[in-house]
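Biologist: Let's go through this model term by term. I will ask what each label rests on, and you set the value against its definition.

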Amino acid sequence: MQVDPRAPELTAQDFVAMVHATRMCVLLHDAATKDILWANPAACEMLGWSVDELRPLKANHMSSSAQQYDRVIGRAWLQEAVEKGASRIEWHYRAKSGRVIPTDAIALRVELARGPAVMVQFRDIEREQEVERELRLTTSWVDALAHHTSTIALMLDCTGTIRFATNTALPLIGARPGEPIGLLTDHARLRMLGRLSTWDEVLARTDPVTSVQLEIPGRPDPVYLEGSLERLQETDGDALLMILHDVSERVHGQVRREREMHRENYHARYTAMGDMAMAIAHELGQPLAAAGNFLAGARAAAQADSRVGYGIDNAVRQIDRASTIVSSVRAFVGHLEHVQQVADLNDILEECLYFVRLRADPAGVEVRVQRSPEPVPVRCERVLTGQVVLNLCFNAIDEMAVCAPDRRQLTVTTRIDGGTGMLTVDDLGRGLPRDPFEQTFTDKEHGSGIGLALSYRIITRQHGTIWSEQRDSGGSRFGFTLPLAES
């Protein structure tokens with residue numbers, strides 16, 4: 001007899017064989033009485049009873065004694081399948097041996113030749129529940145590890161997007177818990193082999209592990225992390241694990257040691273410069289005096305030619321200035337901490353303006369002066385303080401010489417500020433990429449590079465302060481203060 005026109009080669013006996021062979025447990029209940037009519041071999045094997053033993057059993061005989069598996073609840077579940085066609089429940093059966101078996105059970109209404117019945121299909125889910133409990137426990141352990149470990153760990157995909165970060169990593173990279181973090185390179189700069197690198201370069205070297213460093217910009221100092229990046233093979237693509245530790249103190253210590261070594265070298269050079277200054281001042285005095293005498297004779301002989309006279313007068317003026325500087329250096333190097341001179345900053349500036357304009361005019365720089373309306377008497381070595389003024393002005397002129405003509409403007413200001421006299425030099429140049437007083441010798445293309453270092457020493461050894469800063473309107477400001485004489 002054919003039972004299914006869609007599969008004419010199968011007979012009713014074939015379907016009986018399939019029900020007997022399936023590992024899904026099947027119980028057949030009468031729709032009205034809920035009595036067991038039949039069980040397949042898989043159900044008999046799991047429960048430990050034969051079909052003849054199962055037929056007279058009720059729900060309380062073959063179910064857990066827990067309240068949620070009461071006979072009334074079991075009958076209501078089966079009745080729901082009779083009325084609605086299907087019903088599902090987690091039911092705990094009790095085997096003949098007394099073992100309680102958790103199952104996922106589905107009750108279906110079926111129409112038999114004798115009338116309606118309920119077919120219950122169920123399977124043992126005890127192992128699945130154990131796996132689920134282990135998974136929940138593992139998840140809780142991983143969650144505790146992620147939130148309480150001191151390890152800095154990141155999980156990334158191949159694009160460099162951070163998919164997970166431990167709680168210790170989040171504040172370092174500037175991210176908040178629960179929010180998308182984004183690309184690693186949005187938060188830090190990658191470094192490999194002591195140089196800046198890209199994510200693609202780092203990824204190409206991860207085969208399967210490579211060393212990596214991160215530099216995270218911060219205030220006041222950046223944070224430096226160091227560790228490894230490991231490629232984890234997964235079925236759905238590559239994932240990468242980055243384990244890091246904070247090496248900021250070590251890096252900053254190296255910077256401090258290098259700076260100290262730099263300063264020690266500077267002090268050695270400065271000491272040598274002091275000796276050289278004394279020697280040069282001693283040796284230059286006589287040649288300068290002789291040059292002045294020769295020029296005086298030439299001036300007398302060239303009175304008829306005004307152009308020659310003009311040139312000689314300016315040469316004499318420069319030599320007089322050099323002679324004054326040399327004598328001041330000789331006096332100043334020997335007793336820097338005991339300056340007794342009192343000078344007006346306005347007068348010092350006035351003496352310097354001739355030389356400032358001489359340097360500014362060829363560069364097309366406009367010089368503006370804002371003098372204090374009242375005297376600014378300070379205690380200082382007059383000539384060397386003037387050299388500081390010249391150095392600051394010359395640096396500003398050199399900086400603006402490469403700028404657009406409309407930005408070539410130099411402003412020198414003097415004023416009284418509290419108990420000090422102040423002089424500032426403002427320019428409209430490119431600004432300051434770093435604090436120039438942090439470096440002993442500058443990286444200017446031309447010049448000796450020691451002008452600011454000497455200016456710093458001259459001002460601080462006279463109990464003053466010298467500084468630099470960015471201007472809000474662009475450019476930079478250099479300035480210094482010296483104690484007022486009446487203080």
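Biologist: Which residue in the hairpin of β3 and β4 takes a positive phi, and how many residues lie between the strands?

Modeller: G98 takes the positive phi, near 95°, and the hairpin has 5 residues between its strands. Two ground rules first. The model is predicted, with local features needing pLDDT of at least 70 and side-chain atom pairs pLDDT 80 or more, while totals for chains, interfaces and linings use all residues. Numbering starts from 1 along each chain as its sequence is written, and side-chain values use heavy atoms, without hydrogens and water.

Biologist: What makes β3 and β4 paired strands?

Modeller: A strand is a DSSP run of E, at least two residues, and a helix is a run of H or I, at least four, both numbered from the N terminus. Two strands pair if DSSP finds at least two bridges between them. β3 and β4 (residues 100-112) have 9 and run antiparallel, so by that rule they pair. W91 stands opposite T103.

Biologist: How do you know that β4 pairs with β5?

Modeller: There are 10 bridges, and the run is antiparallel. Among them, L108 has M119 of β5 as its bridge partner. A hairpin through 2 residues joins β4 to β5.

Biologist: What is the strand order in the open sheet that holds these strands?

Modeller: The order is β2-β1-β5-β4-β3, 5 strands with antiparallel pairing. β2 (36-39) and β3 have a single partner strand each, so one side of each lacks a neighbour and they stand at the edges.

Biologist: Which residues line the largest cavity?

Modeller: The lining has 18 residues, with H29, K34, K58, A59 and L78 nearest the centre. β1 (25-30), α4 (71-84) and β3 (86-94) each supply at least two. α4 gives the largest share, 5 residues. By class there are 9 nonpolar, 4 polar and 5 charged. Nonpolar means Ala, Val, Leu, Ile, Met, Phe, Trp, Tyr, Cys and Pro; charged means Asp, Glu, Lys and Arg; the others, Gly among them, are polar.

Biologist: What sets the backbone of K34 apart?

Modeller: K34 has a positive phi, near 70°, and is not glycine. Most residues other than glycine have a negative phi. K34 sits in the loop between β1 and β2.

Biologist: Why is the bond from D207 to P208 called cis?

Modeller: Its omega is near -5°. Most peptide bonds are trans. P208 lies in the loop between α7 (199-205) and β11 (209-216).

Biologist: What describes the packing of α11 and α12?

Modeller: The axes of α11 (residues 382-400) and α12 (residues 451-460) come within 10 Å and cross at roughly 145°. The crossing is left-handed, a label for a near helix turned anticlockwise from the far one by less than a right angle. Residues in contact include L384 and V388 of α11 and L452 and I458 of α12. The contact has 6 nonpolar, 4 polar and no charged residues.

Notes: 1 Å grid on protein atoms, 1.4 Å probe; cavity = no way out; pocket = protein on both sides within 12 Å on 5 of 7 lines; lining within 4 Å. Axes fitted to C-alpha atoms, helices over the stretch in contact; angles between N-to-C directions. Contact = heavy atoms within 4.5 Å.
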